[in-house]
Amino acid sequence: MSKSVELLTGDTWRDDGTLYRLYGVQSCLRGTIALDASGQELDCGNVSLAHLAALFSAAAVTCQPIALALDKATFVVCGANLDGNTIDVGTALIAAGYAFAATDAKGNAVSANYLVAELNAKMKADGLWATKFQHPIELLLKGAGERNQ
């Protein structure tokens with residue numbers, strides 16, 4: 001990854017003119033609200049974005065392209081080298097509660113491992129799970145359903 005990376009959402013960025021998206025990962029949608037315990041409104045998507053940015057700045061991240069998305073983004077699987085250990089970026093974001101397991105159009109998780117990480121974060125009320133928010137998958141599936149009618 002170059003120094004010219006432009007983070008767009010909690011799962012998508014641009015580097016040297018190429019659009020990249022984490023495969024199997026869905027960040028919170030920018031412009032949607034997360035209410036914290038004190039009732040303060042946060043931009044859910046910006047919270048996801050901040051955690052991707054923190055991970056990128058704290059670790060050496062390397063990505064492997066695996067497919068092209070419909071919008072021509074390159075789907076990637078990334079590893080972050082933290083303290084000599086390589087961790088999957090998607091798992092790290094989802095397990096911390098700042099991203100979610102992406103699904104197909106039928107609502108089935110693209111990655112079973114990511115779904116397990118999401119359920120664990122939800123049970124522990126980690127990250128965004130400690131707030132009240134609209135799950136991005138529900139919003140996206142609802143939007144797809146409305147477009148298909």
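I began with Cys63, which I find partly exposed at a relative accessible area of 28%, where buried means under 20%, exposed over 50% and partly exposed in between, with a 1.4 Å probe and protein chains only. Cys78, by contrast, counts as buried at 3% relative accessibility.

I note that this is a predicted model, in which local features need pLDDT of at least 70 and side-chain atom pairs count only at pLDDT 80 or more, while totals for chains, interfaces and linings use all residues. Residues are numbered from 1 along each chain as its sequence is written, and side-chain values use heavy atoms, with hydrogens and water left out.

I then checked the sulfur atoms of Cys63 and Cys78 and found them 2.0 Å apart, forming a disulfide (a pair of cysteine sulfur atoms within 2.5 Å). This link is right-handed, with 105 degrees about the S-S bond, and it connects strand β7 (residues 60–68), which holds Cys63, to strand β8 (residues 74–82), which holds Cys78; strands are DSSP runs of E, at least two residues, and helices runs of H or I, at least four, numbered from the N terminus.

My search of the whole structure gave two disulfides. The other joins Cys28 to Cys44 with an S to S distance of 1.8 Å, and here Cys28 lies in the loop between β4 (25–27) and β5 whereas Cys44 lies in helix α1, 16 residues apart. Both Cys28 and Cys44 are buried.

Last, I looked up the open sheet, whose three strands run in the order β6-β5-β11 with antiparallel pairing, where pairing requires at least two DSSP bridges between two strands.
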